[in-house]
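Biologist: Let us go through this model and ask what each label rests on.

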Amino acid sequence: MTKSMGSAGAAKATGGAATIETVADVIERELQSVITDWLARVEQEPDLKCVPLNFEERTGHLPHLLHEVISRLRLDAGTIAPISKAAADHGDLRRKQGYTVAMAVEESHLLQVTIFSTLHKNTNALEFSKLLPDVVTIADEVDAQLKEQMLRFMAADAAKLAKGK
């Protein structure tokens, strides 16, 4: 019942027609709440909390990564997405901060969960026919960002091994 009242409220606020947004628009509009919700999830993970970081150190990368997700969602179909420079930089940073590969993977997983939870909270505003393809795009982009982070972890490990020889 609350859901229908929410839809009616949205319809009333827009003169009788519910406002339909793209997934990219919702993520952009909810950017700060995505960051806040993600941080709350991270702070519940003992493995991630063991690296003491302040708010900026913990979340400073998120606006960049989320803007890349938003940009990817707005690309024309068939356009090849650019490789994420922000993700590569984030991989370097997390490694220097003492993260392990498993910790970086968990952070990435929590980002996907948080984005999807945000979309779920905003389903009344979304065009349903585009939701699943956009969810696939989000998963693909976040995974591509994680791959870039892992490539940086591996490159740093290889450089460290080469120095040690």
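Biologist: What makes up the lining of the largest cavity, by class?

Modeller: This is a predicted model. In it, the lining of the largest cavity has 7 nonpolar, 5 polar and 1 charged residues.

Biologist: What makes this space a cavity, and how much space lies in the largest one?

Modeller: A cavity is a set of points where a 1.4 Å probe fits but cannot get out. The structure holds 1 cavity of 30 Å³ or more, and about 90 Å³ of space lies in the largest cavity. Of the 13 residues lining the largest cavity, L65, E107, S108, L111 and Q149 are the closest to its centre. Two or more lining residues come from each of α6 (62–74), α8 and α9 (128–164).

Biologist: Why is α3 called oblique to α8?

Modeller: Helix α3 (residues 31–42) and helix α8 (residues 101–121) pack at an angle of about 130 degrees. Angles over 145 count as roughly antiparallel and 65 to 115 as roughly perpendicular, with the rest, beyond those under 35, as oblique. The angle of about 130 degrees therefore makes α3 oblique to α8. Their axes are 9 Å apart, and α3 passes α8 in a right-handed crossing.

Biologist: Which residues make the contact of α3 with α8?

Modeller: Contact means heavy atoms within 4.5 Å. From α3 the contact is made by V34, D37, W38, R41 and V42. From α8 come E107, L110, L111, V113, T114, I115, S117, T118 and K121.

Biologist: How do the residues of that contact divide by class?

Modeller: The contact of α3 with α8 has 7 nonpolar, 3 polar and 4 charged residues.

Note on methods: Residues are numbered from 1 along each chain as its sequence is written. This is a predicted model: local features need pLDDT of at least 70, side-chain atom pairs count only at pLDDT 80 or more; totals for chains, interfaces and linings use all residues. Side-chain values use heavy atoms; hydrogens and water are left out. Axes are lines fitted to C-alpha atoms, for helices over the stretch in contact, and angles run from 0 to 180 degrees between N-to-C directions. Helices (H or I, at least four residues) and strands (E, at least two) are DSSP runs, numbered from the N terminus. A crossing is left-handed if the near helix is turned anticlockwise from the far one by less than a right angle, and right-handed if clockwise. Ala, Val, Leu, Ile, Met, Phe, Trp, Tyr, Cys and Pro count as nonpolar, Asp, Glu, Lys and Arg as charged, and the others, Gly among them, as polar. On a 1 Å grid over the protein atoms alone, a cavity is a set of points where a 1.4 Å probe fits but cannot get out, and a pocket is an open set with protein on both sides within 12 Å along at least five of seven lines; lining residues have an atom within 4 Å of a point. Grid points are joined across faces, edges and corners, and a volume is the space filled by probe spheres set on the points.
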